[in-house]
Each structure stands twice: as C-alpha cells, then as structure tokens.
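Let's take a walk through a structure together. Have the sequence and the 3D view open as you read.

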There are 2 protein chains.
Amino acid sequence: MKVTLEKDVMENNDRAAEFNRKLFQKTGTLVINIMSSPGAGKTTILEKTVRALSGQYRISVIEGDIATERDADRIRSAGTRAVQIATEGECHLDPRMIAKVLPEIDLDETDILFIENVGNLVCPSEFDLGQTHKVVVLSTPEGNDKIPKYPLMFHVTELALINKTDLIPYVPFDLDQARKDLQAINPESRLMPVSARSGQGFDDWLNWIKEARQACLKP
Amino acid sequence: MKVTLEKDVMENNDRAAEFNRKLFQKTGTLVINIMSSPGAGKTTILEKTVRALSGQYRISVIEGDIATERDADRIRSAGTRAVQIATEGECHLDPRMIAKVLPEIDLDETDILFIENVGNLVCPSEFDLGQTHKVVVLSTPEGNDKIPKYPLMFHVTELALINKTDLIPYVPFDLDQARKDLQAINPESRLMPVSARSGQGFDDWLNWIKEARQACLKP
C-alpha cells in the first residue's frame, strides 16, 4: 500500500511538473531551480545575480523555506519581485507548491525565474519542479566529500557552483578531487568555482545564465 | 488515508525508539544523536572526541549517510568501533535502522554511543531514535540565520554546538544574535561555541559529555 501511495504522489508531482514546464515554455521563461545545504550561499548568490542582471532581464524569484520570510525580504531589497513559500516543515519544494504561487508571478513579464529550494542536499533532488535547469551550490567549508556522499543531488543537476572560494585558504577543500568526483557521478555536469562575496568567477555564472536564457528563446 | 498511514509509521517509530531507549537504559549507555547540515563538521568533532575520550570510556559510533562508508572509516582510524548505516536515499535515520544494527554493537561494553545522523537540518529532527540526548551542530559559515529558519531542529535539541569558530574572522556570523534566536526558540537549549579544528571550546564539550555520562549511571 505504501508503494502505491508513493507512486500516486509521484505521478501527481510529475503531472504538476509538466503543467509548470508547459507554462514556462509558453512564455519563454528561463526557470532555474537552485538547491544546496543550508548556508551554502544560495540567497547571497541570488542577491548578487539579481543586482547584476536586473538591468537586462525581467527577473522573479520564488523562495522556499521551512519558516520565515527572510530570504524573500533579502531578494526584494535587491530590487526584484520575490514570492516566499513557507513549507511549514516540508523538507523540499514540490511542483504543486510552485503551481500554487504562479498566479502571483506574471510569467509573461518574467524572462528569468529563479527558484531557491529549501536548504537540504537530499530531498529536493527527488522533485522535478518543471524547471529548465537544476543547479546545485556546494560551499567550500562543507568539504569536497559531499559530492560522493550525496550522489543523487549531483546526478540530477547540470551545474555545480562551488561557492565561497574566498575561504579556500582557511578550509580543507580539494577542488581537483571535487572535479574528479563530479565527473564520476555525472560526466555531463559542469563544475564552476565562484565566490558570491568576492565576485571571483561570478562572470562565468552570469554568462551561463545568459546563454541558458538565449536557448529558451529559440524556436 | 495519507494521515492514517503517516500516523501508523510514526507509531511504529515511537515503539522502536522506546525499544532502543530501554536497551540503552539497561546497560547505562549514554547515547548522543548528533545532527547538522552536510559539512558542519559532525565527523571531525567525533574524530576528535573519540581520540580525547577513548582512554576513559568505551565508545562506539553509528554513522548514518545516504551513501559511502567514508565516515565510519574516519572514525575507525580514530581508534573506535564504528558501524555504518547507508540509508540509500533516506534523508534521516529512524529508530528501526538503529535497532537493526544494535546486534553489531556490544552495548554491555559501551559507555558512550554516538549516532551521527544524515547531514540534513530538517528531516532528522522529526525522528526519536531512543537517544539520551539530541545535539545539533551549526557551523559559522552557514550563518546565524539558520536558527530561525530551521526552528524544529533547534527546538528538539538540548545543545547547539557552534562549530568552526576559527572561521569567524572570515565569515559573517553573529554569535550574540545566535544566542538570542536560540533563546527565543528553545530557552532550555545551551549554545556552545567550539572549533574542532583549533580545539577552542572543546573542553566544554568534553565536560558536557562526561556529566551526561555520569547522569546515566545514577539509579
């Protein structure tokens, strides 16, 4: 019975993800689902990204958190529309939560929608939100062993942002080993070192977004 | 139906937790369930703890991870019995997983059993393993806002180790604000700054363990 129930839930999720995906494709909106452990720097990356790109693109953000409206407030301070989803205990966003808040976002007027998932390196990896791309952020103080230890997350994402490279002198993080481990788990994924604080590598990330947005416009 | 099913699952878990708890009480074993985000430093804290205390106490460790035997190997290198539970996708340990590996641990010969939970600041907070105490580790690079953002974890734990205090000069972490936020969520919980790397504050942690062990021996 448990299996049937879980299967039903996942089928409902798949339908909801397809519903979202079609809406996003219709409006040509690039949708990026960003996942990480708590404190890896998702919100700081988004604040900086929004500040850098809001002159060129119309951006919206969905913030997923267990509790509080803090992250949406931070994004609004950076000058962009942000909708907060408080999951009230749920450890991940699911596509129905996204569908429920889409009426608050004018997709016709949104070139890029960032979805910041709940801080969790496990559960969010199992849920398709209908996004265009999935990105994982791993911060250097967490250690490079998190790639083999949380393989599903690195398997389902297309880009691994290695954040907080400014801390590399102070923490044990082996970038070469991280590259090898990512290659073993997901040869298609790209590893990109950045520091949202110092700005190091940030242009690579902004260019990746611009190219992804361009691809959404192709017929 | 979903509610009933979840209720059944949780009742089974509660029974299993009670089963574990009675065994631990019978042998006077202190059992500490350690939880945190991925990369907050649980394993490093345990390595150092085991090295410091294994002359005085008979210690065993259960390591919970999604995948790999890495952490158990690290603990074994530190000179202690370690059993790895690979949850194969499950985002937390549950008390039945613990019961299943207890035959591999000689509780009669174990003064202190550390259980390192899966790296996840959300799901493990919901599961009673039958432990004597629950401890959460929050590392300074994660930011002090994680306390209000993941309130259940800080509500169910009795001790919050603030790890990686050696990084405070390089990261934005407000210890006073962390104290206030913890007080608001759980006035009974104690905040303890430590650095597993530099050793700063580590004696407080070792003393806390010794007192907790002493309390297990009282009739």
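Predicted model: local features only at pLDDT ≥ 70, side-chain atom pairs only at ≥ 80, totals over all residues.

## How the two chains relate

Residues are numbered from 1 along each chain as its sequence is written, while chains are lettered from A and ligands numbered from 1 in the order in which they are written.

## Where the chains touch

Chain A puts 32 residues into the contact, and chain B puts in 32 residues too (two residues are in contact if their C-beta atoms, placed from the backbone, lie within 7 Å). Of the interface residues of chain A, 100% are also interface residues in chain B, so the copies meet through the same surface.

On the chain A side, the elements giving two or more residues are helix 1 (2–27), helix 5 (146–149) and helix 6 (151–156). Helices are DSSP runs of H or I with at least four residues, numbered from the N terminus. Helix 5 of chain A has the largest share, three residues. By class, this side of chain A splits into 16 nonpolar, eight polar and eight charged residues. Here Ala, Val, Leu, Ile, Met, Phe, Trp, Tyr, Cys and Pro count as nonpolar, Asp, Glu, Lys and Arg as charged, and the others, Gly among them, as polar.

## A helix pair in chain A

Now look at helix 2 (residues 42–53) and helix 8 (residues 202–217) of chain A: they pack at an angle of about 65°, with their axes 11 Å apart. Axes are lines fitted to C-alpha atoms, for helices over the stretch in contact, and angles run from 0 to 180 degrees between N-to-C directions. Helix 2 of chain A is therefore roughly perpendicular to helix 8 of chain A (65 to 115 degrees counts as roughly perpendicular, under 35 as roughly parallel, over 145 as roughly antiparallel and the rest as oblique).

Who meets whom? Lys48(A), Thr49(A), Ala52(A) and Leu53(A) from helix 2 of chain A meet Phe202(A), Leu206(A) and Ile209(A) from helix 8 of chain A. That contact has five nonpolar residues, one polar and one charged.

## A helix pair in chain B

Over in chain B, helix 2 (residues 42–53) and helix 3 (residues 70–77) have axes that come within 9 Å and cross at roughly 20°. That makes helix 2 of chain B roughly parallel to helix 3 of chain B.
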